[in-house]
Amino acid sequence: LWTLVLGLFAFRLIWLVFFSELTLVEDEAHYWDWSRRPDWSYATKGPGVAWAIWLSTNLFGHTEWAVRLPALLASAVSALAIADLARRAFDDRRVGFFAAAVWQCLPGVGITSVLMTIDGPYLACWAVVCWAWWRASRERWRPGWAVAGLVLALGFLFKYTIVLLLVGLALDWLFRARRTRGSWRQPAITLALASLGLLPVLIWNAQHDWVTFRHLLGHLGVRGGEGVTAESPGWTYTPMWTLEFIVLQTAVTGPAIALMIAGIVGARRGRALPALLLWSAAPVFVFYLLVTLFTRAEGNWAMGGFVTLCPLAGWMVVSARQRRVTAGGGGEDPRPPHDGHARARPGRPHARRTPAGRDRARALLRHRALRTRQPARLLPSRASNRVLRRDRPRRQLAPVRPLARDQPGPPRGQR
(Lines give C-alpha, C1' and ligand atoms only; values in the text may rest on other atoms or scores of the structure.)
Protein backbone atom coordinates (compact mmCIF):
# COMPACT_ATOMS: atom_id res chain seq x y z
CA LEU A 1 0.00 0.00 0.00
CA TRP A 2 2.70 2.48 0.96
CA THR A 3 4.63 1.53 -2.16
CA LEU A 4 1.57 2.29 -4.28
CA VAL A 5 0.79 5.63 -2.65
CA LEU A 6 4.36 6.91 -2.37
CA GLY A 7 5.22 5.66 -5.84
CA LEU A 8 2.32 7.58 -7.40
CA PHE A 9 3.21 10.67 -5.37
CA ALA A 10 6.86 10.55 -6.49
CA PHE A 11 5.92 9.92 -10.12
CA ARG A 12 3.52 12.87 -10.23
CA LEU A 13 5.94 15.17 -8.44
CA ILE A 14 8.83 14.31 -10.78
CA TRP A 15 6.59 14.82 -13.79
CA LEU A 16 5.39 18.21 -12.56
CA VAL A 17 8.87 19.46 -11.64
CA PHE A 18 10.91 18.26 -14.62
CA PHE A 19 8.65 17.28 -17.52
CA SER A 20 5.33 19.09 -17.29
CA GLU A 21 4.69 21.98 -19.65
CA LEU A 22 1.15 22.49 -18.39
CA THR A 23 0.58 26.06 -17.27
CA LEU A 24 -1.94 27.02 -14.61
CA VAL A 25 -5.53 26.51 -15.73
CA GLU A 26 -8.16 29.18 -15.15
CA ASP A 27 -9.23 28.05 -11.67
CA GLU A 28 -5.65 27.52 -10.51
CA ALA A 29 -4.60 30.99 -11.64
CA HIS A 30 -7.65 32.44 -9.90
CA TYR A 31 -6.81 30.71 -6.62
CA TRP A 32 -3.12 31.64 -6.90
CA ASP A 33 -4.13 35.27 -7.28
CA TRP A 34 -6.17 34.92 -4.09
CA SER A 35 -3.18 33.44 -2.27
CA ARG A 36 -1.17 36.60 -2.87
CA ARG A 37 -3.72 38.47 -0.75
CA PRO A 38 -4.71 36.09 2.08
CA ASP A 39 -8.09 36.84 3.62
CA TRP A 40 -10.64 35.24 5.94
CA SER A 41 -12.77 34.15 2.98
CA TYR A 42 -13.61 35.00 -0.62
CA ALA A 43 -16.69 35.72 -2.68
CA THR A 44 -17.30 32.28 -4.18
CA LYS A 45 -15.12 29.91 -2.13
CA GLY A 46 -13.74 29.46 1.34
CA PRO A 47 -10.19 30.49 2.26
CA GLY A 48 -8.73 26.97 2.44
CA VAL A 49 -7.46 26.71 -1.13
CA ALA A 50 -5.81 30.15 -1.02
CA TRP A 51 -4.17 29.41 2.34
CA ALA A 52 -2.78 26.08 1.06
CA ILE A 53 -1.29 27.70 -2.07
CA TRP A 54 0.10 30.58 0.01
CA LEU A 55 1.91 28.15 2.31
CA SER A 56 3.29 26.05 -0.54
CA THR A 57 4.50 28.99 -2.65
CA ASN A 58 6.12 30.68 0.32
CA LEU A 59 8.09 27.50 1.00
CA PHE A 60 9.02 26.50 -2.55
CA GLY A 61 8.57 29.62 -4.64
CA HIS A 62 5.95 30.82 -7.12
CA THR A 63 6.16 27.98 -9.63
CA GLU A 64 3.51 25.76 -11.23
CA TRP A 65 4.59 22.65 -9.31
CA ALA A 66 4.61 24.53 -5.99
CA VAL A 67 1.05 25.70 -6.63
CA ARG A 68 -0.01 22.10 -7.34
CA LEU A 69 1.94 20.43 -4.53
CA PRO A 70 -1.00 20.54 -2.03
CA ALA A 71 -3.09 18.59 -4.55
CA LEU A 72 -0.49 15.81 -4.65
CA LEU A 73 -0.32 15.64 -0.87
CA ALA A 74 -4.11 15.58 -0.59
CA SER A 75 -4.32 12.67 -3.04
CA ALA A 76 -1.86 10.62 -0.99
CA VAL A 77 -3.67 11.39 2.28
CA SER A 78 -7.06 10.44 0.84
CA ALA A 79 -5.73 7.14 -0.50
CA LEU A 80 -4.18 6.17 2.84
CA ALA A 81 -7.34 7.12 4.77
CA ILE A 82 -9.58 5.15 2.40
CA ALA A 83 -7.28 2.12 2.59
CA ASP A 84 -7.25 2.05 6.39
CA LEU A 85 -11.01 2.63 6.55
CA ALA A 86 -11.59 -0.31 4.20
CA ARG A 87 -9.17 -2.52 6.14
CA ARG A 88 -10.95 -1.81 9.41
CA ALA A 89 -14.45 -2.07 7.96
CA PHE A 90 -13.88 -5.50 6.38
CA ASP A 91 -10.98 -6.71 8.57
CA ASP A 92 -8.87 -7.51 5.52
CA ARG A 93 -5.70 -5.79 4.35
CA ARG A 94 -6.37 -6.85 0.78
CA VAL A 95 -9.60 -4.86 0.75
CA GLY A 96 -7.67 -1.79 1.90
CA PHE A 97 -5.12 -2.13 -0.87
CA PHE A 98 -7.69 -2.58 -3.64
CA ALA A 99 -9.84 0.25 -2.25
CA ALA A 100 -6.87 2.64 -2.52
CA ALA A 101 -6.08 1.30 -6.01
CA VAL A 102 -9.66 1.85 -7.18
CA TRP A 103 -9.60 5.37 -5.74
CA GLN A 104 -6.42 6.27 -7.58
CA CYS A 105 -7.82 4.85 -10.83
CA LEU A 106 -10.90 7.11 -10.85
CA PRO A 107 -10.62 9.63 -13.72
CA GLY A 108 -11.87 12.47 -11.52
CA VAL A 109 -9.29 11.69 -8.84
CA GLY A 110 -6.55 11.61 -11.46
CA ILE A 111 -7.41 15.18 -12.43
CA THR A 112 -7.72 16.49 -8.86
CA SER A 113 -4.39 14.84 -7.97
CA VAL A 114 -2.52 17.04 -10.46
CA LEU A 115 -4.53 20.27 -10.70
CA MET A 116 -4.82 22.43 -7.60
CA THR A 117 -8.55 22.97 -7.18
CA ILE A 118 -10.76 22.85 -4.11
CA ASP A 119 -11.72 19.23 -4.77
CA GLY A 120 -8.44 17.50 -3.90
CA PRO A 121 -8.06 18.79 -0.31
CA TYR A 122 -11.83 18.58 0.18
CA LEU A 123 -11.86 14.87 -0.72
CA ALA A 124 -8.89 14.23 1.56
CA CYS A 125 -10.76 15.85 4.46
CA TRP A 126 -13.84 13.77 3.65
CA ALA A 127 -11.82 10.54 3.79
CA VAL A 128 -10.04 11.42 7.04
CA VAL A 129 -13.34 12.37 8.73
CA CYS A 130 -14.91 9.02 7.81
CA TRP A 131 -11.80 7.18 9.03
CA ALA A 132 -11.77 9.03 12.36
CA TRP A 133 -15.53 8.57 12.83
CA TRP A 134 -15.22 4.82 12.25
CA ARG A 135 -12.46 4.49 14.81
CA ALA A 136 -14.34 6.60 17.34
CA SER A 137 -17.77 4.99 16.97
CA ARG A 138 -16.76 1.37 16.28
CA GLU A 139 -13.41 0.98 18.02
CA ARG A 140 -13.93 3.39 20.94
CA TRP A 141 -10.94 5.55 19.99
CA ARG A 142 -11.81 8.67 21.95
CA PRO A 143 -9.58 11.17 20.09
CA GLY A 144 -11.48 10.24 16.94
CA TRP A 145 -14.42 12.49 17.87
CA ALA A 146 -12.14 15.53 18.08
CA VAL A 147 -10.19 14.57 14.95
CA ALA A 148 -13.42 14.23 12.97
CA GLY A 149 -14.64 17.64 14.15
CA LEU A 150 -11.41 19.49 13.41
CA VAL A 151 -11.01 17.95 9.95
CA LEU A 152 -14.66 18.75 9.19
CA ALA A 153 -13.93 22.38 10.04
CA LEU A 154 -10.87 22.30 7.78
CA GLY A 155 -12.84 20.72 4.93
CA PHE A 156 -15.51 23.42 5.20
CA LEU A 157 -12.85 26.03 4.48
CA PHE A 158 -12.18 24.28 1.16
CA LYS A 159 -15.69 23.36 0.04
CA TYR A 160 -19.02 23.97 1.75
CA THR A 161 -20.44 20.66 0.47
CA ILE A 162 -18.76 18.81 3.31
CA VAL A 163 -21.74 19.84 5.45
CA LEU A 164 -23.60 16.99 3.74
CA LEU A 165 -21.13 14.55 5.30
CA LEU A 166 -22.20 15.85 8.70
CA VAL A 167 -25.76 14.83 7.81
CA GLY A 168 -24.60 11.31 6.95
CA LEU A 169 -22.63 10.98 10.19
CA ALA A 170 -25.66 12.13 12.18
CA LEU A 171 -27.84 9.48 10.51
CA ASP A 172 -25.22 6.82 11.19
CA TRP A 173 -25.07 7.76 14.87
CA LEU A 174 -28.86 7.90 15.27
CA PHE A 175 -29.46 4.44 13.81
CA ARG A 176 -26.47 3.01 15.66
CA ALA A 177 -27.48 4.57 18.98
CA ARG A 178 -30.77 2.71 18.84
CA ARG A 179 -28.86 -0.58 19.07
CA THR A 180 -25.94 0.32 21.29
CA ARG A 181 -27.53 3.05 23.45
CA GLY A 182 -24.68 5.39 22.62
CA SER A 183 -24.20 8.71 24.36
CA TRP A 184 -24.76 12.01 22.55
CA ARG A 185 -21.81 13.72 24.26
CA GLN A 186 -19.11 12.43 21.92
CA PRO A 187 -20.92 13.45 18.69
CA ALA A 188 -21.58 16.82 20.32
CA ILE A 189 -17.81 17.31 20.58
CA THR A 190 -17.51 16.63 16.85
CA LEU A 191 -20.29 19.09 16.04
CA ALA A 192 -18.84 21.81 18.28
CA LEU A 193 -15.38 21.56 16.73
CA ALA A 194 -16.80 21.38 13.20
CA SER A 195 -18.64 24.66 13.77
CA LEU A 196 -15.27 26.41 14.13
CA GLY A 197 -14.93 26.24 10.35
CA LEU A 198 -17.94 28.53 10.01
CA LEU A 199 -16.35 31.43 11.87
CA PRO A 200 -13.96 32.79 9.18
CA VAL A 201 -16.62 32.55 6.48
CA LEU A 202 -19.34 34.16 8.60
CA ILE A 203 -17.08 36.98 9.80
CA TRP A 204 -15.94 37.82 6.27
CA ASN A 205 -19.47 37.66 4.80
CA ALA A 206 -20.86 39.86 7.56
CA GLN A 207 -18.35 42.49 6.46
CA HIS A 208 -19.11 42.04 2.72
CA ASP A 209 -22.92 42.00 2.51
CA TRP A 210 -23.20 38.18 2.58
CA VAL A 211 -21.95 37.88 -0.98
CA THR A 212 -21.19 34.14 -0.68
CA PHE A 213 -24.77 33.31 0.28
CA ARG A 214 -26.12 35.30 -2.66
CA HIS A 215 -23.69 33.46 -4.92
CA LEU A 216 -24.91 30.05 -3.70
CA LEU A 217 -28.57 31.06 -4.04
CA GLY A 218 -27.84 32.23 -7.56
CA HIS A 219 -26.67 28.70 -8.44
CA LEU A 220 -30.15 27.43 -7.56
CA GLY A 221 -31.92 30.25 -9.39
CA VAL A 222 -33.58 31.47 -6.21
CA ARG A 223 -34.71 35.07 -6.11
CA GLY A 224 -32.33 37.22 -4.16
CA GLY A 225 -29.41 35.23 -5.46
CA GLU A 226 -26.62 36.49 -7.66
CA GLY A 227 -27.80 37.04 -11.25
CA VAL A 228 -31.49 36.41 -10.43
CA THR A 229 -33.84 39.37 -10.92
CA ALA A 230 -37.58 39.93 -10.67
CA GLU A 231 -37.86 39.58 -14.46
CA SER A 232 -36.24 36.15 -14.39
CA PRO A 233 -38.58 33.26 -15.30
CA GLY A 234 -39.93 31.10 -12.51
CA TRP A 235 -39.16 27.47 -11.79
CA THR A 236 -38.44 25.39 -14.85
CA TYR A 237 -37.25 21.80 -15.04
CA THR A 238 -35.49 19.99 -17.85
CA PRO A 239 -35.16 16.18 -17.48
CA MET A 240 -31.84 16.38 -19.29
CA TRP A 241 -30.35 18.03 -16.21
CA THR A 242 -30.90 14.88 -14.14
CA LEU A 243 -29.80 12.56 -16.94
CA GLU A 244 -26.70 14.66 -17.57
CA PHE A 245 -25.78 14.53 -13.87
CA ILE A 246 -26.04 10.71 -13.83
CA VAL A 247 -23.92 10.40 -16.97
CA LEU A 248 -21.31 12.76 -15.52
CA GLN A 249 -21.01 10.59 -12.41
CA THR A 250 -20.22 7.65 -14.67
CA ALA A 251 -17.59 9.74 -16.44
CA VAL A 252 -16.02 10.83 -13.15
CA THR A 253 -15.68 7.27 -11.83
CA GLY A 254 -15.23 5.29 -15.03
CA PRO A 255 -15.68 1.48 -14.93
CA ALA A 256 -15.18 1.50 -11.15
CA ILE A 257 -18.82 2.53 -10.66
CA ALA A 258 -19.81 -1.01 -11.67
CA LEU A 259 -17.59 -2.40 -8.90
CA MET A 260 -19.15 0.00 -6.38
CA ILE A 261 -22.70 -0.99 -7.29
CA ALA A 262 -21.81 -4.69 -7.27
CA GLY A 263 -20.10 -4.22 -3.89
CA ILE A 264 -23.20 -2.62 -2.39
CA VAL A 265 -25.47 -5.40 -3.67
CA GLY A 266 -23.10 -8.22 -2.75
CA ALA A 267 -22.24 -6.93 0.72
CA ARG A 268 -25.90 -6.29 1.53
CA ARG A 269 -26.89 -9.74 0.32
CA GLY A 270 -24.17 -11.29 2.47
CA ARG A 271 -25.13 -9.14 5.51
CA ALA A 272 -21.63 -7.66 5.45
CA LEU A 273 -22.42 -4.05 4.54
CA PRO A 274 -20.94 -1.53 7.03
CA ALA A 275 -23.67 1.09 7.47
CA LEU A 276 -21.29 4.06 7.70
CA LEU A 277 -20.12 3.57 4.12
CA LEU A 278 -23.64 4.13 2.78
CA TRP A 279 -24.75 6.81 5.23
CA SER A 280 -21.71 8.92 4.32
CA ALA A 281 -22.42 8.72 0.59
CA ALA A 282 -26.21 8.92 0.40
CA PRO A 283 -26.84 12.57 1.43
CA VAL A 284 -24.55 14.12 -1.19
CA PHE A 285 -26.10 12.12 -4.05
CA VAL A 286 -29.66 12.79 -2.91
CA PHE A 287 -28.96 16.49 -2.48
CA TYR A 288 -27.51 16.99 -5.95
CA LEU A 289 -30.24 14.91 -7.55
CA LEU A 290 -32.66 17.41 -6.00
CA VAL A 291 -30.50 20.28 -7.28
CA THR A 292 -30.99 18.98 -10.83
CA LEU A 293 -34.67 19.78 -10.42
CA PHE A 294 -33.72 23.48 -10.41
CA THR A 295 -30.50 23.81 -12.38
CA ARG A 296 -27.65 21.95 -14.06
CA ALA A 297 -25.19 20.20 -11.68
CA GLU A 298 -21.51 19.72 -12.43
CA GLY A 299 -19.92 16.28 -12.41
CA ASN A 300 -17.42 17.00 -9.63
CA TRP A 301 -19.94 18.34 -7.15
CA ALA A 302 -20.85 14.91 -5.76
CA MET A 303 -17.38 13.34 -5.77
CA GLY A 304 -17.32 13.14 -1.98
CA GLY A 305 -19.88 10.35 -2.09
CA PHE A 306 -17.46 8.04 -3.87
CA VAL A 307 -14.94 8.18 -1.01
CA THR A 308 -16.79 5.59 1.07
CA LEU A 309 -17.92 3.56 -1.94
CA CYS A 310 -14.34 2.66 -2.90
CA PRO A 311 -14.01 0.27 0.10
CA LEU A 312 -17.04 -1.60 -1.23
CA ALA A 313 -15.40 -1.79 -4.65
CA GLY A 314 -12.22 -3.13 -3.02
CA TRP A 315 -14.26 -5.72 -1.12
CA MET A 316 -15.90 -6.80 -4.37
CA VAL A 317 -12.50 -7.39 -5.98
CA VAL A 318 -11.31 -9.49 -3.03
CA SER A 319 -14.58 -11.46 -2.93
CA ALA A 320 -14.40 -12.22 -6.64
CA ARG A 321 -10.82 -13.46 -6.29
CA GLN A 322 -11.74 -15.54 -3.25
CA ARG A 323 -14.70 -17.13 -5.03
CA ARG A 324 -12.41 -18.05 -7.90
CA VAL A 325 -10.00 -19.70 -5.46
CA THR A 326 -12.87 -21.51 -3.75
CA ALA A 327 -14.24 -22.74 -7.08
CA GLY A 328 -10.80 -24.14 -7.86
CA GLY A 329 -10.63 -25.99 -4.55
CA GLY A 330 -8.30 -23.53 -2.89
CA GLY A 331 -10.12 -23.28 0.40
CA GLU A 332 -13.11 -21.75 2.12
CA ASP A 333 -14.56 -18.36 1.36
CA PRO A 334 -14.60 -16.55 4.72
CA ARG A 335 -17.78 -14.59 5.23
CA PRO A 336 -16.98 -10.89 5.67
CA PRO A 337 -17.77 -9.17 8.95
CA HIS A 338 -20.93 -7.17 9.50
CA ASP A 339 -20.46 -3.51 10.35
CA GLY A 340 -16.77 -3.87 11.05
CA HIS A 341 -16.84 -6.50 13.80
CA ALA A 342 -14.30 -9.21 13.10
CA ARG A 343 -15.33 -12.82 13.01
CA ALA A 344 -13.28 -15.57 14.62
CA ARG A 345 -10.31 -16.69 12.53
CA PRO A 346 -7.49 -19.17 13.16
CA GLY A 347 -4.69 -17.53 15.08
CA ARG A 348 -6.75 -14.42 15.74
CA PRO A 349 -8.57 -13.40 18.94
CA HIS A 350 -12.31 -13.79 18.99
CA ALA A 351 -14.47 -10.75 18.22
CA ARG A 352 -15.75 -10.63 21.78
CA ARG A 353 -12.24 -10.14 23.09
CA THR A 354 -12.16 -6.64 21.55
CA PRO A 355 -14.02 -3.78 23.29
CA ALA A 356 -16.22 -3.11 20.26
CA GLY A 357 -17.08 -6.79 19.87
CA ARG A 358 -18.00 -7.16 23.54
CA ASP A 359 -20.17 -4.05 23.49
CA ARG A 360 -22.03 -5.27 20.43
CA ALA A 361 -22.48 -8.72 21.99
CA ARG A 362 -23.85 -7.19 25.22
CA ALA A 363 -26.31 -5.07 23.28
CA LEU A 364 -27.44 -8.11 21.28
CA LEU A 365 -28.00 -10.18 24.42
CA ARG A 366 -29.94 -7.35 26.07
CA HIS A 367 -32.11 -7.08 22.97
CA ARG A 368 -32.83 -10.83 23.00
CA ALA A 369 -33.59 -10.75 26.71
CA LEU A 370 -36.18 -7.99 26.23
CA ARG A 371 -37.84 -9.92 23.40
CA THR A 372 -37.99 -13.26 25.24
CA ARG A 373 -38.37 -11.81 28.75
CA GLN A 374 -35.45 -13.88 29.99
CA PRO A 375 -32.48 -12.62 31.99
CA ALA A 376 -29.50 -11.72 29.82
CA ARG A 377 -26.43 -13.84 30.30
CA LEU A 378 -23.40 -11.99 31.52
CA LEU A 379 -20.30 -11.45 29.40
CA PRO A 380 -16.80 -10.95 30.75
CA SER A 381 -15.57 -7.50 31.70
CA ARG A 382 -13.22 -5.49 29.48
CA ALA A 383 -10.24 -6.42 31.62
CA SER A 384 -10.89 -10.11 30.97
CA ASN A 385 -9.62 -11.82 27.84
CA ARG A 386 -11.58 -15.03 28.43
CA VAL A 387 -14.98 -15.68 26.88
CA LEU A 388 -17.39 -17.45 29.23
CA ARG A 389 -19.58 -20.24 27.97
CA ARG A 390 -23.16 -19.10 27.57
CA ASP A 391 -24.77 -22.19 29.10
CA ARG A 392 -22.20 -23.20 31.71
CA PRO A 393 -23.98 -24.98 34.63
CA ARG A 394 -23.49 -23.60 38.10
CA ARG A 395 -21.20 -25.49 40.46
CA GLN A 396 -23.18 -27.71 42.86
CA LEU A 397 -21.94 -27.44 46.45
CA ALA A 398 -21.58 -30.63 48.48
CA PRO A 399 -24.08 -31.01 51.36
CA VAL A 400 -22.74 -29.86 54.74
CA ARG A 401 -22.35 -32.66 57.26
CA PRO A 402 -23.83 -31.93 60.69
CA LEU A 403 -21.43 -31.70 63.60
CA ALA A 404 -21.32 -34.45 66.26
CA ARG A 405 -22.80 -32.14 68.93
CA ASP A 406 -25.76 -31.39 66.71
CA GLN A 407 -26.66 -35.09 66.19
CA PRO A 408 -29.39 -36.56 68.41
CA GLY A 409 -28.03 -38.73 71.26
CA PRO A 410 -29.49 -41.88 72.98
CA PRO A 411 -32.51 -41.60 75.29
CA ARG A 412 -31.94 -40.54 78.89
CA GLY A 413 -32.68 -43.95 80.33
CA GLN A 414 -29.95 -45.55 78.28
CA ARG A 415 -27.18 -43.05 79.16
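Trp133 and Trp145 are both buried, where buried means under 20% relative accessible area, exposed over 50% and partly exposed in between, with a 1.4 Å probe and protein chains only. The model here is a predicted one, in which local features need pLDDT of at least 70 and side-chain atom pairs count only at pLDDT 80 or more, while totals for chains, interfaces and linings use all residues. Residues are numbered from 1 along each chain as its sequence is written, and side-chain values use heavy atoms, with hydrogens and water left out.

**Aromatic pairs**

- The whole structure holds 15 aromatic pairs, counting rings of Phe, Tyr and Trp (its six-membered ring) with centres within 6.5 Å; planes under 30 degrees apart are stacked, over 60 edge-to-face and the rest tilted.
- Tyr31 and Trp34 form a tilted pair, because their planes meet at 50°, with the ring centres 5.5 Å apart.
- Both residues of that pair belong to helix 2 (residues 26–35), where Tyr31 and Trp34 are three residues apart, about one turn of the helix; helices (H or I, at least four residues) and strands (E, at least two) are DSSP runs numbered from the N terminus.
- Tyr31 and Trp34 are each buried.
- Trp133 and Trp145 make an edge-to-face pair, since their planes stand at 85°, and their ring centres are 5.1 Å apart.
- Trp133 sits in helix 7 (residues 119–138) and Trp145 in helix 8 (residues 143–158), so this pair ties together parts that are 12 residues apart in sequence.
- Tyr31, Trp34 and Tyr42 are joined into a cluster by ring pairs.

**Charges over rings**

- Arg36 is placed over the face of Trp32, 4.6 Å from the ring centre; the rule asks for NZ of Lys or CZ of Arg within 6 Å of the ring centre and within 35 degrees of the ring normal.
- Arg135 lies over the face of Trp141, at 4.4 Å from the ring centre.

**Cavities**

- There are two cavities of 30 Å³ or more; on a 1 Å grid over the protein atoms alone, a cavity is a set of points where a 1.4 Å probe fits but cannot get out, and lining residues have an atom within 4 Å of a point.
- The largest cavity has a volume of about 50 Å³, a volume being the space filled by probe spheres set on the points, which are joined across faces, edges and corners.
- Val5, Leu8, Phe9, Arg12, Leu72, Ser75, Ala76 and Gln104 line the largest cavity.
- Helix 1 (2–19) and helix 4 (64–90) are the elements giving two or more residues to that lining, and the largest share, four residues, comes from helix 1.
- The lining of the largest cavity has five nonpolar, two polar and one charged residues, with Ala, Val, Leu, Ile, Met, Phe, Trp, Tyr, Cys and Pro as nonpolar, Asp, Glu, Lys and Arg as charged, and the others, Gly among them, as polar.
- The second largest cavity comes to about 40 Å³, and its lining includes Trp103, Val109 and Gly120.
- Helix 4 gives the most to the lining of the second largest cavity, with four residues, and that lining divides into five nonpolar, five polar and no charged.

**Cysteines**

- The model has zero disulfides, a disulfide being a pair of cysteine sulfur atoms within 2.5 Å.
- Cys105 is in no disulfide, and the nearest cysteine sulfur, that of Cys310, is 9.6 Å away.
- Cys105 is exposed at 63% relative accessible area, whereas Cys130 is buried at 0%.

Definitions and conventions
1 Å grid on protein atoms, 1.4 Å probe; cavity = no way out; pocket = protein on both sides within 12 Å on 5 of 7 lines; lining within 4 Å.
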